[in-house]
Amino acid sequence: MLPLGDKMREVRCVVGAGPRLALSLLASVAFLSAGLVPATAQTGIATNAASVLARIAIDPYRRAIAEAAAADPDISAFYADTDYAPLWTGDDQAARREALLSVLAGAGAHGLPTVRYDPETLIAAFDAARTEGDRGRLDVMMTEAMLDYARDVQTGALVPQKVDAGIVREVPMRDRRANLELFLRSDPAAFFASLPPRSPAYAQLMKAKFRLEAADWGPEIVARSLKPGDRGPAFLQLRDRLEAMGYLSRSLTGTYGDGIEAAVMKFQADHGLESDGIASAATLRQINVGPADRLHSVLVAMERERWMNIPRGKRHIWVNLTDFTAKIIDDGRVTFETKSVIGKAEGDRKTPEFSDMMDYMVVNPTWNIPRSITTREYLPMMQRNPYAAGHLRIVDRRGRTVPREAIDFTAYTARTFPYAMKQAPSDGNALGLVKFMFPNKYNIYLHDTPTKSLFKRDVRAFSHGCIRLGDPFDFAYALLAVQSADPEGEFRRRLRSKAESTIALKDPVPVHLVYFTAYPEADGHMTYRPDIYGRDAEIYAALVKAGLVPDA
């Protein structure tokens with residue numbers, strides 16, 4: 001008699017339906033053999049087990065499906081539960097086949113290459129099918145292609161954290177079995193249309209992709225800078241390139257005048273530059289970026305949108321790190337916007353990307369200094385001078401203040417230092433006078449800052465990872481306006497008390513920390529930003545490596 005493991009493998013090989021069904025059939029046979037099943041039930045159990053085994057053994061179509069699907073538990077279980085009925089290759093399933101082959105052939109519209117799903121091979125296999133076994137194997141091939149496409153277009157083809165450790169977003173992966181069952185209940189074309197992100201931004205990114213693929217903006221501009229009043233070959237290159245990019249109506253002007261200046265200002269606004277109308281070296285560098293490079297940014301943005309294929313909230317907070325802004329969005333419309341400072345572009349100071357819920361704000365906050373800052377920055381200072389950073393309080397594990405003269409700082413390392421550090425509420429507190437909390441394991445939040453001068457810069461990456469806001473009080477008023485008749489008065493009363501206090505948001509607000517170097521405005525025109533952390537370059541390289549976009 002075969003050992004149990006060998007019996008299991010034999011049954012699984014025949015059934016191809018995954019361990020659960022195989023074990024069930026094997027157990028039925030074992031119980032019958034051992035006489036452990038009541039006589040009244042023996043006939044039904046034996047008939048069921050024998051029926052499944054016999055049906056697969058004598059039916060070449062079902063056997064081919066079982067064998068082809070055996071390596072994939074989800075597909076195997078699906079076919080087993082549907083009695084190995086064809087999903088694609090039945091005589092009455094032409095509409096399903098056509099819908100699948102159509103979307104696979106059109107995968108390029110999403111930046112997903114058709115070669116990944118290989119519809120031509122599927123068509124050739126269908127034409128070449130001569131036996132029931134051929135038909136069964138083809139049915140599984142089509143199911144595999146459908147599930148691959150569904151995953152890629154619904155929630156992205158890459159796992160974010162495998163590309164960059166700072167992208168800690170939880171991707172809403174769809175259940176493969178649920179997709180198959182939903183497909184069975186749906187109109188095929190409607191099912192496939194429901195898969196991609198439904199956000200307006202995704203549709204606009206697709207349009208931008210088509211435009212960029214066909215774009216020719218002419219030669220790069222050879223000049224250090226250009227300004228109003230300039231003439232000559234470099235100016236003509238600037239004029240023609242602005243026209244090709246859509247920033248200027250057809251013009252024959254030979255002088256850098258008002259029309260050109262306005263076009264340059266619009267370009268600068270769309271690319272996060274100071275809108276002064278002067279084509280400086282920084283502006284010309286951005287104007288000289290070609291359509292192929294912009295296309296890379298758009299393709300990455302489409303993948304990012306697929307990672308965020310979730311409801312974002314009727315009201316939500318949108319912090320685009322590359323744009324150095326924080327916005328409140330109500331019903332798809334920006335109702336508040338402020339400048340932001342993000343994490344410095346080095347090591348673990350880069351701000352991570354994720355979504356969470358903002359629950360409350362803290363007025364007059366205490367700064368509980370993260371241990372990484374305490375041990376890396378302040379401990380070395382205090383080892384040289386025990387009274388350095390005297391505005392900070394040192395506390396033990398019970399929260400009791402410890403006098404500095406009682407500590408030999410030189411006796412500790414970053415790993416063994418047993419104390420924490422705090423900064424009391426004040427105008428000079430590193431968090432400013434308010435912080436906005438969406439508790440998370442990354443210890444990231446939005447907050448005020450006493451260092452206001454940084455908001456005058458175009459590139460604002462200076463923090464340890466948290467988001468500093470340029471107009472934090474107005475941000476607080478906007479959040480409280482939906483729950484308070486006097487949001488400013490309520491906030492100011494808390495502020496005047498000088499004591500730390502918490503204001504709960506009656507309706508928590510989703511917060512999305514995102515990183516888009518290409519993103520459409522509400523009217524559809526594209527805006528672009530530098531890849532300050534290098535994350536988009538990593539994503540694009542990963543997409544190319546996975547065969548998802550051409551290495552153009």
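Predicted model: local features only at pLDDT ≥ 70, side-chain atom pairs only at ≥ 80, totals over all residues.

1. A pocket here is an open set of points on a 1 Å grid over the protein atoms alone, with protein on both sides within 12 Å along at least five of seven lines. Its volume is the space filled by probe spheres set on those points. On these terms, the largest pocket has a volume of about 930 Å³.

2. Two or more lining residues come from each of helix H12 (200-213), strand E1 (315-320), strand E2 (325-330), strand E3 (333-343) and strand E13 (518-520). By class, the lining of the largest pocket holds 13 nonpolar, 10 polar and 11 charged residues.

3. The second largest pocket has a volume of about 700 Å³. It is lined by 32 residues, with Pro-370, Ile-373, His-464, Gly-465 and Cys-466 nearest its centre. Helix H17 (residues 371-384) supplies the largest share of this lining, 6 residues. The lining of the second largest pocket divides into 14 nonpolar, 10 polar and 8 charged residues.

4. As to the chain overall, the model contains 20 helices and 14 strands. Of its 552 residues, 49% are buried. Among contacts between residues at least 6 apart in sequence, 64% join residues at least 24 apart.

5. How do helix H16 and helix H20 cross? The axes of H16 (residues 291-307) and H20 (residues 535-545) come within 10 Å, at a crossing angle of roughly 85 degrees. The two helices are therefore roughly perpendicular to each other, given that this term covers angles of 65 to 115 degrees. On the H16 side the contact is made by His-296, Leu-299, Val-300, Glu-303, Arg-304 and Trp-307, and on the H20 side by Arg-535, Asp-536, Ile-539, Tyr-540 and Leu-543. The contact residues divide into 6 nonpolar, 1 polar and 4 charged.

6. Is Thr-155 buried or exposed? Thr-155 lies in helix H8 (residues 132-155). Its relative accessible area is 1%, so Thr-155 is buried, the cut-off being under 20%. Leaving aside residues up to four places away in sequence, Thr-155 touches Val-171, Pro-172, Met-173, Arg-174, Arg-306 and Trp-307. Trp-307 also takes part in the contact of H16 with H20.

Definitions and conventions
Residues numbered from 1 in each chain as written. Heavy atoms only, no water. 1 Å grid on protein atoms, 1.4 Å probe; cavity = no way out; pocket = protein on both sides within 12 Å on 5 of 7 lines; lining within 4 Å. Helix = DSSP H or I, 4+ residues; strand = E, 2+ residues; numbered from the N terminus. Nonpolar A, V, L, I, M, F, W, Y, C, P; charged D, E, K, R; others polar. Axes fitted to C-alpha atoms, helices over the stretch in contact; angles between N-to-C directions. Parallel < 35°, antiparallel > 145°, perpendicular 65-115°, else oblique. Contact = heavy atoms within 4.5 Å. Buried < 20%, exposed > 50% of the residue type's maximum accessible area, 1.4 Å probe, protein only.
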